[in-house]
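Welcome! Here is a short briefing to read alongside the model on your screen.

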Amino acid sequence: MKLALTKKFENVENILTAVTVNVGTVVFLSYREEDMRYQLLYISNEERKLIELDYAERYYQVENKPVLFAVNGQFGIVKSREELLLYSFESELFESIAIDNSTVLPLRFHLEWRVPISDSSILPICFRGDGIGSDTRYIAFLDVDTTNKQAKWESYISLEMVNLPNHTDQSYPPKVDTAMLKDTELYTFISGGQTTSVNKWGMDYYAFARGTKEGIINNLLIDSGDLRAIDSKKRGVNGLLSHSQKYLMLTPVFQSDKWKGKPKLFSLDQHKLLDVTFPRGFGKYPQILQHDGIYFWVYLRDQNEIVMCVEE
């Protein structure tokens, strides 16, 4: 796949993740090192604006990181097990909505930045429950009713390990980088199982799975195999699912493996990996953060820019 540049947005902060509200409208979660604050960068065809969030600590000191989501043409933040913030376009403010039924969740419940993707009002929220690093190994299902301004936890799961041949540490369930509900099936990108630092040691394996809301894996759409058995080189890939529900957007963690640091797309329609050719001048580390309609949103980390692209 070859991408062509449509529009460029300069001087952006450290981007963490993104959601699309509709085709051509995207919201990015960013973090300002200067004043230790999270922000939302809202970009549409009509405007670009910053939306401040009430998070004023260093991100590694915040118990629950803001979970950005979009549903029914609206967007918001899951703030904690008891509260979410839904953005009002009329007042340009967030409205606090209490989340019911939090007793179904475990006592240890810590949110990370993983963006939930869904074709319904039920959002698969990734969280960590054992206090180990920032590894999200559990998924809680949150039903958000934007019309009546209500929200309720349904249940939570971890993924079963029986159909993951490379998951060797039975003490912990698999890590889940991203989760999506589509046609009542649960899609997950799994970034291995080991508790050691991925950036330091690499991944033991990664996989893209399709299964059920009960955590049963029925199919492995991608199976990396045992990465540690190849050689001593560090390997690993991060995965994000697009709001279009058409692509798994893959970015290699290291520049030294066979991908040579180049992102790829996995097409859910074609069930195959696609190479991506970026326009000139995109630097060494372009990362595809979102896709919706005809637009791909690419973060140029080394240039502090966001670019909107279309397929040539």
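**A hairpin to start with**

β7 and β8 are joined by a hairpin of four residues. Helices (H or I, at least four residues) and strands (E, at least two) are DSSP runs, numbered from the N terminus. Two strands count as paired if DSSP finds at least two bridges between them. This is a predicted model, in which local features need pLDDT of at least 70 and side-chain atom pairs count only at pLDDT 80 or more, while totals for chains, interfaces and linings use all residues. Residues are numbered from 1 along each chain as its sequence is written, and side-chain values use heavy atoms, with hydrogens and water left out.

**Strands around β8**

- Strand β7 (residues 74-78) runs antiparallel to strand β8 (residues 83-88), and three bridges join them.
- In this pair, G76 stands opposite L86 in β8.
- On to the next partner: β8 and strand β9 (residues 93-100) are antiparallel too, joined by six bridges, with S88 opposite L93 in β9.
- β8 and β9 also form a hairpin, with four residues between them. In that turn, E92 has a positive phi of about 55°.

**The whole protein**

- The protein has one helix and 25 strands.
- Its radius of gyration (taken over C-alpha atoms) is 19 Å, close to the 20 Å that the globule rule gives for 312 residues, so the protein is as compact as a globular protein of that length. The globule rule is 2.2 Å times the number of residues to the power 0.38.
- Along the principal axes, the C-alpha atoms fill a box of roughly 55 × 50 × 40 Å.
- Of the 312 residues, 55% count as buried (buried means under 20% relative accessible area, exposed over 50%, and partly exposed in between, with a 1.4 Å probe and protein chains only).

**Two open sheets**

- Strands of a sheet pair through backbone hydrogen bonds, either parallel or antiparallel.
- β19 and β20 run antiparallel and are joined by five bridges, with G239 opposite L250 in β20.

**The largest pocket**

- How big is the volume of the largest pocket? It is about 1,200 Å³.
- A pocket is an open set of points on a 1 Å grid over the protein atoms alone, where a 1.4 Å probe fits and protein lies on both sides within 12 Å along at least five of seven lines; lining residues have an atom within 4 Å of a point. Grid points are joined across faces, edges and corners, and the volume is the space filled by probe spheres set on the points.
- The lining has 40 residues, and the closest to the pocket centre are W113, R114, D177, N199 and N238.
- Elements that give two or more residues to this lining include β2 (14-22), α1 (198-201) and β20 (247-252).

**A look at S224**

- S224 sits in the loop between β18 (217-223) and β19.
- With a relative accessible area of 21%, S224 is partly exposed.
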